[in-house]
Amino acid sequence: MVQREMDGPGQQSWDLASKAGKHLQLKETFERHSRVYTFEMQIIKAKENYAGNYRCEVTYKDKFDSCSFDLEVHESTGTTPNIDIRSAFKRSGDGQDDAGELDFSGLLKRREVKQQEEEPEVDVWELLKNANPNEYERIAFQYGITDLRGMLKRLKRMRRVEKKSAAFSKILDPAYQVDKGGRVRFAVELADPKLEVKWYKNGQEIRPSTKYIFEHKGCERIMFINNCGLTDDSEYYVTAGDEKCSTELFVREPPVMVTKQLEDTKAYCGERVELECEVSEDDANVKWFKNGEEIIPGPKSRYRIKVDGKKHILIIEGATKADTAEYSVMTTGGQSSAKLSVDLKPLKILTPLTDQTVNLGKEICLKCEISENISGKWTKNSLPVQETDRLKIIHKGRIHKLVIANALTEDEGDYVFAPDAYSVTLPAKVHVIDPPRINLDGLGPDNTVTVIAGNKLRLEIPISGEPPPKVIWSRADKAIMEGSGRIRAESYPDSSTLVIDVAERDDSGVYNISLKNEAGEAHASIKVKVVDIPDPPVAPNVKEVGDDWCIMTWDPPLYDGGSPILGYI
């Protein structure tokens, strides 16, 4: 229990590490006769974390006073020694009635003082002074320095050596460091205790308050700053007469802890992904990493970082499989990591490609629709399809088209559309057809062909059609077959040939050629005339006979040889 007595009323407060409650009680009493106010603070059950510096501050009108003390809490051994109560009540003398006062020291509880190992406090100021410049950023992040650039400027300024002072026998240290929410003590010693001292922050004089506490101890002048915040991170100086000495205060933020961990996430390609965590402080400095490499957001980066108070969110727009990785977040006091798995969405074929049969010269249009708006590649007979003036590739949303104008026979083939990043393929066959045609331009009038008997006739007729048409030669409804006969047909890619070996007069007549494919049919008739020696005239009759002449009559021969009789001999 701690007591403080006052001669008059006032506003009193305890500068405590914890508030009044179950384990700590505050009590105020007033003695009327002596007009003394008593303030008590009672710790019910001391714990190790209660140790520290305590201050009682009193303000009354324009007056202010304070006192402080240090509390040490030592752990109990948990055992009680055996005590002889009679021997404990011994006098300090030889045991006579008039011996000295009773000695109660034997009743005092024996205890062992446990030495606590404390981690040495890291002076960031000293670290920066001795560090390589390329280590500044790492040190700043590790120890919670938010304004590294400003601190480095002050570091450069602080390297100036203070001139020896006649007013100060001991000046301020070049720099002080304190954790956010902590307390810092500035102290100077004066050569003359009668000198007036004033304290300043950034050129503004500091007045006594609950935040700024001033103490005088002989030649020593002390200023305490309670509950230091980031706004207290500044330059301070103290004046004594016409001289001054300055220092820098660096307020270090407490370690930022990760209070809500990152969670493993699964997503599909093209989706927006958000990885979220929460930290212990608002707007804290947090770094993100992908597979151990720091993520630097920027205009050209696919990553965006959003900060909402204690929430920190990494946003990935239009995720791809390349974003599959382990992501981690790091603060000055902790870290968290999670795995992101990005897979392809199951692809649905809404409209497949269909086989096409197109007439020569017409348009070919292959069209399909899939469930995702992604690009893809076209191939023909396993070779990539390239755009030309006649061939166009169209992609609009989920629909893909391949359009060929004025179809040619070479456009026929096996076409395949393959969506990017998927193993799915959409095949289609294109078949270009052309009705059969017979070209008789090389024949004479009335499509007649003349051959001399005994000679060979080889009649070649150009034909076309896609697919190549089937050719049938016939005479008098009797088909002429291909083979080795005297009269036969021969087929070639662009023509069909009628062959007659050693033409005879009976070979004369009309020959028919017929073409047929899936696009249609074509027919033509060709007249073959075999020219031979005509037969003798029929029924000669001598009507008159002279010395050297006669008059005869006869009938024309039954066979004229395949051509009109020109005369008789």
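Is Asp 323 buried or exposed? Asp 323 is buried, at a relative accessible area of 1%, where buried means under 20% relative accessible area, exposed over 50% and partly exposed in between, computed with a 1.4 Å probe on protein chains only.

The legends below describe a predicted model, in which local features need a pLDDT of at least 70 and side-chain atom pairs count only at pLDDT 80 or more, whereas totals for chains, interfaces and linings use all residues. Residues are numbered from 1 along each chain as its sequence is written, and side-chain values use heavy atoms, with hydrogens and water left out.

**View 1. Asp 323 and its salt bridge with Arg 302.** Asp 323 is found in the loop between strand S24 (311-316) and strand S25 (325-330); helices (H or I, at least four residues) and strands (E, at least two) are DSSP runs, numbered from the N terminus. Leaving aside neighbours within four places in sequence, Asp 323 is in contact (heavy atoms within 4.5 Å) with Lys 290, Arg 302, Tyr 303, Ile 316, Gly 318, Leu 340 and Val 342. With Arg 302, the side chain of Asp 323 forms a salt bridge at 2.8 Å, N to O, the term denoting a side-chain nitrogen of Lys or Arg within 4 Å of a carboxyl oxygen of Asp or Glu. Because Asp 323 lies in the loop between S24 and S25 and Arg 302 in the loop between strand S22 (293-294) and strand S23 (303-308), the pair ties together parts that are 21 residues apart in sequence. Arg 302 is partly exposed, with a relative accessible area of 37%, whereas Asp 323 is buried.

**View 2. The salt bridge of Lys 260 and Glu 276.** The structure holds 25 salt bridges. In this one, the side chains of Lys 260 and Glu 276 meet at 3.8 Å, N to O. The pair links distant parts of the chain, with Lys 260 in strand S18 (residues 258-260) and Glu 276 in strand S20 (residues 273-279), 16 residues apart. Lys 260 counts as partly exposed at 35% relative accessibility, and Glu 276 is partly exposed at 26%.

View 3. Asp 420 counts as partly exposed at 24% relative accessibility, while Lys 377 counts as exposed at 53%.

**View 4. Strand S15 and its two strand partners.** In strand S15 (residues 220-225), 6 of the 6 residues are buried, so the strand is largely enclosed by the rest of the structure. Both faces are covered, with Glu 220, Ile 222 and Phe 224 on one side and Arg 221, Met 223 and Ile 225 on the other. Two strands pair if DSSP finds at least two bridges between them. Strand S11 (residues 184-190) runs antiparallel to S15 and is joined to it by 6 bridges, with Ala 187 opposite Ile 222. Strand S14 (residues 212-217) is likewise antiparallel to S15 and joined to it by 6 bridges, with Ile 213 opposite Phe 224. The hairpin of S14 and S15 has 2 residues between the strands, and here Gly 218 takes a positive phi near 65°.

**View 5. Strand S28 beside strand S35.** Strand S28 (residues 356-359) has a covered face, formed by Gln 356 and Val 358, and an uncovered face, formed by Thr 357 and Asn 359. S28 runs parallel to strand S35 (residues 426-438), with 4 bridges between them, and Asn 359 stands opposite Ile 433 in S35.

View 6. The protein averages a pLDDT (the predictor's confidence in each residue, from 0 to 100) of 82, and 80% of the residues score at least 70. Where pLDDT is low, the predicted coordinates should not be read in detail.
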